[in-house]
Amino acid sequence: MANIASARKRIRQTAKRTARNTARKSRMRTFIKKVETAIESGDQAAAREALRVAQPEIQRAASKGVAHHNTVARKISRLSARIKALAAA
């Protein structure tokens, strides 16, 4: 354990930040799962609505530094492509 006050403070800050980032990443995954569940059900309208709700949350993860911008863009792109494919099927 650290003895220097600034090091103790750093440990506290890191723990808080880690908890916050974990919660954000978990929230992002939950929203993605909801979209994927809607896609699996085959209902394009429900899937489109789920993506509309999930997109800002997923992008927020990128803006907060929890996920990389390109990763978020790729996930959103692939989800929307899968939703679009439901119309053809």
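Q: Why is the pair E36 and R82 called a salt bridge?
A: The closest N and O atoms of E36 and R82 are 3.7 Å apart. A salt bridge requires a side-chain nitrogen of Lys or Arg within 4 Å of a carboxyl oxygen of Asp or Glu, so the term applies. E36 lies in helix α1 and R82 in helix α3, so the pair ties together parts that are 46 residues apart in sequence. The model is predicted; local features need pLDDT of at least 70 and side-chain atom pairs count only at pLDDT 80 or more, whereas totals for chains, interfaces and linings use all residues. Residues are numbered from 1 along each chain as its sequence is written, and side-chain values use heavy atoms, with hydrogens and water left out.

Q: What makes E36 and R82 count as partly exposed?
A: E36 has a relative accessible area of 30%, and R82 has a relative accessibility of 34%. Buried means under 20% relative accessible area and exposed means over 50%, with partly exposed in between (1.4 Å probe, protein chains only), so both residues fall in the middle class.

Q: What other interactions does E57 make?
A: The side chain of E57 also makes a polar contact of 2.8 Å with the side chain of R60. A polar contact is a pair of N or O atoms within 3.5 Å; within protein, one must be able to donate a hydrogen and the other to accept it, and residues adjacent in sequence count only if both atoms are side-chain atoms. R27, E57 and R60 are linked in a network of salt bridges. Leaving aside residues up to four places away in sequence, E57 touches R27 and F31, where contact means heavy atoms within 4.5 Å.

Q: Why is the pair R52 and E49 called a salt bridge, and where does it lie?
A: The closest N and O atoms of R52 and E49 are 2.7 Å apart, and the pair forms a salt bridge. Both residues lie in helix α2, 3 residues apart, about one turn of the helix. An α-helix has 3.6 residues a turn, so residues three or four places apart point the same way. R52 counts as exposed at 54% relative accessibility, and E49 is partly exposed at 39%.

Q: How do you know that the span of α2 is close to the expected value?
A: Helix α2 (residues 44-63) has 20 residues and reaches 28 Å from its first C-alpha to its last, close to the 28 Å expected at 1.5 Å a residue. The expected span is 1.5 Å times one less than the number of residues. Helices are DSSP runs of H or I with at least four residues, numbered from the N terminus.

Q: What is called a kink in α2, and where does it lie?
A: A kink of about 35° lies at A54, shortly before the proline P56. The bend at a residue is the angle between axes fitted to the seven residues ending there and the seven starting there.

Terms used: Helices (H or I, at least four residues) and strands (E, at least two) are DSSP runs, numbered from the N terminus.
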